[in-house]
Amino acid sequence: MFEIKNLHKTYHNNVVLDGIDLTIHKGDVIGIIGPSGTGKSTLLRCMNQLELPEQGTLTIDDHEIDLSRKNKMEMLELRKMTGMVFQRFHLFEKKTALENVMEGLVVVQKKSKAEARRIALEELERVGMSAWQNHYPRHLSGGQQQRVAIARTLAMRPQLLLLDEPTSALDPELVGEVLDVIREIAKDGLTMLLVSHEMNFVQNVSNRVIFLDKGHVVEDGTPKQVFEHPQNQRTREFLQKMFLNAHPEYVI
């Protein structure tokens, strides 16, 4: 179990996260939705200390980590347990798809090249990219690069997968292939936090949805509860705007 308590983050006197509390159970697939600039990505980045909040703790099982302080050993353990998939792919341009996935296994986990290669090939197969294992990023589409980035993260065997708008940098026709991969990973039971503006996908893949607004969790429930029977007026307004163009008949 992962538990966040009293998470606060401010940028230049702008409060982004205002005392967030969140409990994540093993196997949860939690979709995080909300307006742009409301702290969704910041929440994920604070969880693995890519950004330091002013206050807040993360408890993993019985071990509590003060997220506001950099402790090299705790940060290393935290990074081992959490994997992050970014909006941009951050692949090494001069390494093949296979070498990109192997890199963390060899450098961080100190595995032999043979073992790293075996795991990397498994994960590339899992995301449908084994046929492109010897291709460099410049020869791959955006969707293919993101699938390699997902394979790289999965290869590290994280307990919690953090996905920050994984399709936002893709052309519309490439979004589906990445969403299909994420859907299959979710079926495997990996615990996931997914920030996305793909409302239909969040509704279908998540077992729980959180609506974040102005640094607060204002809605937290099943997809059916949040999308069909939201309790908060701000949630209703947001969903109406998101769905109206695609579904003019949509009414909350």
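The legends below describe several close-up views of a predicted model.

**View 1. The six-stranded sheet, an open arrangement with mixed pairing.** Strands of a sheet pair through backbone hydrogen bonds, either parallel or antiparallel. In this sheet the six strands follow the order β6-β7-β8-β3-β9-β10, and their pairing is mixed. Strands β6 and β10 (216-221) stand at the edges with a single partner strand each, so one side of each is left without a neighbour in the sheet. From one strand to the next, the twist averages 20°. Within the sheet, β3 (residues 29-33) and β9 (residues 208-213) pair in the parallel sense over four bridges, and Ile33 stands opposite Phe211 in β9.

**View 2. The four-stranded sheet, an open arrangement with antiparallel pairing.** The strand order here is β2-β1-β4-β5, and the pairing is antiparallel. Strands β2 (14-24) and β5 (63-66) stand at the edges, and because each has a single partner strand, one side of each is left without a neighbour in the sheet. The twist in this sheet averages 20° from one strand to the next. Strand β1 (residues 2-11) pairs with β4 (residues 55-60) in the antiparallel sense over five bridges, and Phe2 stands opposite Ile60 in β4. Helix α1 (residues 40-47) packs on this sheet, where it touches β1, β2 and β4, and its direction makes about 120° with that of β1. Helix α2 packs on the sheet too, touching β4 and β5, with its direction at about 115° to that of β5.

**View 3. The hairpin of β1 and β2, with two residues between the strands.** Strands β1 and β2 run antiparallel and are joined by eight bridges, and Thr10 stands opposite Val15 in β2. Most residues other than glycine have a negative phi, and most peptide bonds are trans. In the turn of this hairpin, however, His12 has a positive phi of about 50°, and Asn13, which is found in the loop between β1 and β2, has a phi near 70°. Asn13 is exposed, with a relative accessible area of 78%.

**View 4. His90 in the loop between β6 and α3.** The phi of His90 is near 55°, which is a positive value in a residue other than glycine. With a relative accessibility of 53%, His90 counts as exposed.

**View 5. Helix α1 and its buried residues.** Six of the eight residues of α1 are buried, so the helix is largely enclosed by the rest of the structure. The buried residues are Lys40, Thr42, Leu43, Leu44, Cys46 and Met47. Just after α1, Gln49 takes a positive phi of about 60°.

**View 6. Helix α3 and what covers it.** Residues Ala97, Leu98, Asn100, Val101, Met102, Gly104 and Leu105 of α3 are buried. Among the elements that cover these buried residues are α4 (113-126) and α5.

**View 7. The largest pocket and its lining.** About 760 Å³ of space lies in this pocket. Its lining consists of 24 residues, and those nearest the centre of the pocket are Arg79, Thr82, Gly104, Val108 and Met156. The elements that give two or more residues to this lining are α2 (72-81), β6 (82-85), α3 (97-107) and α5 (142-155). Of these, α2 gives the most, with six residues. Sorted by class, the lining has eleven nonpolar, eight polar and five charged residues.

**View 8. The second largest pocket and its lining.** This pocket has a volume of about 180 Å³. It is lined by Met1, Phe2, Lys26, Ile60, Asp61, Pro158, Gln159, Gly189, Leu190 and Thr191. By class, the lining of the second largest pocket has five nonpolar, three polar and two charged residues.

Conventions: Residues are numbered from 1 along each chain as its sequence is written. This is a predicted model: local features need pLDDT of at least 70, side-chain atom pairs count only at pLDDT 80 or more; totals for chains, interfaces and linings use all residues. Side-chain values use heavy atoms; hydrogens and water are left out. On a 1 Å grid over the protein atoms alone, a cavity is a set of points where a 1.4 Å probe fits but cannot get out, and a pocket is an open set with protein on both sides within 12 Å along at least five of seven lines; lining residues have an atom within 4 Å of a point. Grid points are joined across faces, edges and corners, and a volume is the space filled by probe spheres set on the points. Ala, Val, Leu, Ile, Met, Phe, Trp, Tyr, Cys and Pro count as nonpolar, Asp, Glu, Lys and Arg as charged, and the others, Gly among them, as polar. Two strands pair if DSSP finds at least two bridges between them. Axes are lines fitted to C-alpha atoms, for helices over the stretch in contact, and angles run from 0 to 180 degrees between N-to-C directions. Contact means heavy atoms within 4.5 Å. Buried means under 20% relative accessible area, exposed over 50%, partly exposed in between (1.4 Å probe, protein chains only).
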